[in-house]
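Have a look at the model before reading on.

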Amino acid sequence: AASLLLAVVGLRWQAPVRTHTERTADTASLPVVTLLAGQRRGAPAPLALPTHEGDVRVQAEIEGDAANPSARYLLSVADGENVLFVARNLAPRSAGQYRFVEAVVPATVLGPGARRVAVAEAGAQDSLPSSWDVQTSASR
């Protein structure tokens, strides 16, 4: 009985555990949707997004002046007035001259259909969020 207990404990000790490094590697392989400041709401037509399955990394550019390194942002996806997804506590990142926030979003949240993606500084009551109108076609 003692050897059986030791075998069970040994098997349990060997169980794989996902580390932060493995999760980062998984995230890095996801498709990326990049929303630039020049594509914001008010464009003549919504941005056409390709159809994806699973999760998608959404990168949304934030204004250079607004990109306080200690600030935290939230990214939301809405269908009309119905908020479908919110990612909170996002730190700004930089790539060259671009400053952006990134969130992993389930592809089903992005469509099919029209959605509004918005980014706002957490706790900033006096600033308007940046937003993009996007459209994902139905999968075939």
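**Sheet and salt bridges at a glance**

T27 is buried, with a relative accessible area of 16% (buried is under 20%, exposed over 50%, partly exposed in between, using a 1.4 Å probe and protein chains only). Before going further: this is a predicted model, where local features need pLDDT of at least 70 and side-chain atom pairs count only at pLDDT 80 or more, while totals for chains, interfaces and linings use all residues. Residues are numbered from 1 along each chain as its sequence is written, and side-chain values use heavy atoms, with hydrogens and water left out.

**Around T27**

- T27 sits in helix 2, which covers residues 20-28; helices (H or I, at least four residues) and strands (E, at least two) are DSSP runs, numbered from the N terminus.
- Leaving aside residues up to four places away in sequence, T27 touches R57 and V104, where contact means heavy atoms within 4.5 Å.

- Five strands make up an open sheet in the order 2-9-8-4-5, and the pairing is mixed; two strands pair if DSSP finds at least two bridges between them.
- Strand 2 (47-49) and strand 5 (82-90) are at the edges with a single partner strand each, so one side of each has no neighbour in the sheet.
- From one strand to the next, the twist averages 25°; axes here are lines fitted to C-alpha atoms, for helices over the stretch in contact, and angles run from 0 to 180 degrees between N-to-C directions.
- As background, strands of a sheet pair through backbone hydrogen bonds, either parallel or antiparallel.

**Strand 8 and its two partners**

- On one side, strand 8 (residues 113-121) pairs with strand 4 (residues 73-79) in the antiparallel sense, over six bridges.
- Within that pairing, S76 stands opposite A118 in strand 8, and L75 stands opposite V119 in strand 8.
- Strand 8 also pairs with strand 9 (residues 130-136), again in the antiparallel sense, over seven bridges.
- Which residue in strand 9 is the bridge partner of R116? That's D133.

**Salt bridges**

- How many salt bridges does the structure hold? There are four, taking a salt bridge as a side-chain nitrogen of Lys or Arg within 4 Å of a carboxyl oxygen of Asp or Glu.
- R115 forms a salt bridge with D79, and their closest N and O atoms are 3.7 Å apart.
- That pair links distant parts of the chain, with R115 in strand 8 and D79 in strand 4, 36 residues apart.
- R115 is buried at a relative accessible area of 12%, whereas D79 is partly exposed at 37%.
- The side chains of R116 and D133 also meet in a salt bridge (2.8 Å, N to O).
- Because R116 lies in strand 8 and D133 in strand 9, this pair ties together parts that are 17 residues apart in sequence.
- R116 is partly exposed, with a relative accessible area of 29%, and D133 is partly exposed too, at 25%.

**The R57, R93 and E102 network**

- Salt bridges that share partners join R57, R93 and E102 into one network.
- In the R93 and E102 salt bridge, the side chains meet at 3.1 Å, N to O.
- R93 is partly exposed at 44% relative accessible area, while E102 counts as buried at 10% relative accessibility.
- R57 turns up here as well as in the T27 story, being one of the residues that T27 touches.
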